[in-house]
Amino acid sequence: MARPLSIAIVGAGMGGLAAAAALRRVGIDVTVYEQAAQFARLGAGIQIGCNAMKVLRALGLEARLRGQSFYPRSWNNRDWRTGQVKFDMIFGETAEQKFGAPYLLAHRGDLHAALASAVPGQYVKLGHKLVGLDETGDGVRLVFANGAVAVADAVIGADGVHSVVRDILFGASPVHYTGRIAYRTTYPAALLGGQKIDDCTKWWGEDRHIVIYYVKPDRSEIYLVTSQPEPDFTIESWSAKGDVRQLRAAFDGFDRQVEAVLAACPDVHKWAIVDRNSLERWSDRNVTLLGDACHPMTPYMAQGAAMAIEDAAVLSRCLEGVERDGVPNAFRRFEASRKDRTARIQQTSRTNTWLREKTDTDWVYAYDAWTAPLAA
């Protein structure tokens, strides 16, 4: 029997780990290389859409995620000052029956840990920062900053918006600073002192918004994330600290729920919201990109991680049963199968109008990456 295809995945984020789990599911040998020395539980929430949950279910993670995450009644969209409902997107059992999977609100660290649990630890190499990549007669050769060298039949660059794999293949991708920034944090709901908040609400202001939701099934932890203008701030880092007093001032006059959540907020992170175009090509011979490395998303639809997770499932379908000489065609088929959908999500998110008024959501949440037609 021919030996299994060997694939190196660069990046152990959501997309990289989902790809590793999905590829192992179809008998492919996978090693994941991650530059960080250890995984960190960042203070951020994440919305796990019904479309992403269908992928995670097949990876055996649904029960764990249901047990750790919040099951919201809806994603409610309200006017910033009056609290008037603009559009109440109902989730819960109604959406689960309609779309075939639950909509969950989670701590980003809990989702990442669940995905990590689906990939045996010996196949994840931490402390490996990629510095070189070239194709040889033996396969694709990867060189790391720590001196390690690896060879695989193919490589998947799942290393995010700052992708080294992308830059090696196609050159640095231009960055457009939107002139907007975001604050985000999670904190114990006990700090609210008994103040009740809705399950999940986006408060729409005239030039800014704030999203607030629970990330634990017992409502013990809440998350907030904002978007507002601040043209001179250009630090694109998830670890940069913000000033909670400036955050409160930026949302002065918003509904009392927002006021209560910000008054109790102990500290906050801050980063610049940037926009990048998707690439014209995602692959070159036996190397391809996945997720934010090739189709980065603004955060306004809560679909960035979901697109990478969908990518993982579709890529595994394109590679199942493929030998090394068939990899370039499989990678092109993957791109052709995913490009229209990811481009539509990217463009829709860019407008920041998702759910502001009555919205057709079926095309997003009903999608099933395991059964969606593949390109010819």
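How many Å apart do the axes of α1 and α9 come, and at roughly how many degrees do they cross?

1. Basis of the note. This is a predicted model, in which local features need pLDDT of at least 70 and side-chain atom pairs count only at pLDDT 80 or more, while totals for chains, interfaces and linings use all residues. Residues are numbered from 1 along each chain as its sequence is written, and side-chain values use heavy atoms, with hydrogens and water left out.

2. Helices α1 and α9. The axes of these helices come within 8 Å and cross at roughly 25 degrees. Helix α1 is therefore roughly parallel to α9 (angles under 35 degrees count as roughly parallel, over 145 as roughly antiparallel, 65 to 115 as roughly perpendicular and the rest as oblique). From α1, the contact involves M14, G15, A18, A19, A22 and L23, and from α9, A305, A308, I309, A312, S316 and L319. Contact means heavy atoms within 4.5 Å. By class, these residues divide into ten nonpolar, two polar and no charged (Ala, Val, Leu, Ile, Met, Phe, Trp, Tyr, Cys and Pro count as nonpolar, Asp, Glu, Lys and Arg as charged, and the others, Gly among them, as polar).

3. Residue S316. This residue has its place in helix α9. S316 is buried, at a relative accessible area of 1% (buried means under 20%, exposed over 50%, partly exposed in between, with a 1.4 Å probe and protein chains only). Neighbours within four places in sequence aside, S316 is in contact with A22, L23, V26 and W370.

4. Helices α2 and α9. Helix α2 (residues 50–58) packs against helix α9 (residues 304–319) at an angle of about 40 degrees, and their axes are 9 Å apart. The two are therefore oblique to each other, and α2 passes α9 in a left-handed crossing. In α2, N51, A52, V55 and L56 meet A306, M307, I309, E310 and A313 of α9. This contact has seven nonpolar, one polar and one charged residues.

5. Helix α5. In α5 (residues 108–117), the buried residues are G109, D110, L111, H112, A114 and L115. Among the elements that cover them are α1, β3 (45–48), α2, α3 (62–68) and β6 (104–107).

6. The six-stranded sheet. An open sheet of mixed pairing has the order β7-β2-β1-β11-β19-β18. Strands β7 (124–125) and β18 (283–284) are at the edges with a single partner strand each, so one side of each has no neighbour in the sheet. Within the sheet, β1 (residues 6–10) and β11 (residues 154–157) pair in the parallel sense over four bridges (two strands pair if DSSP finds at least two bridges between them). I9 has I156 in β11 as its bridge partner. Helix α10 (residues 327–351) lies across β11, β18 and β19 (287–289), and runs at about 15 degrees to β19.

7. The three-stranded sheet. A further open sheet has the order β8-β9-β10 and antiparallel pairing. The twist averages 20 degrees from one strand to the next. Strands β8 and β9 (residues 139–144) run antiparallel and are joined by six bridges, with E135 opposite V140 in β9.

8. Conventions. Helices (H or I, at least four residues) and strands (E, at least two) are DSSP runs, numbered from the N terminus. Axes are lines fitted to C-alpha atoms, for helices over the stretch in contact, and angles run from 0 to 180 degrees between N-to-C directions.

Technical notes: A crossing is left-handed if the near helix is turned anticlockwise from the far one by less than a right angle, and right-handed if clockwise.
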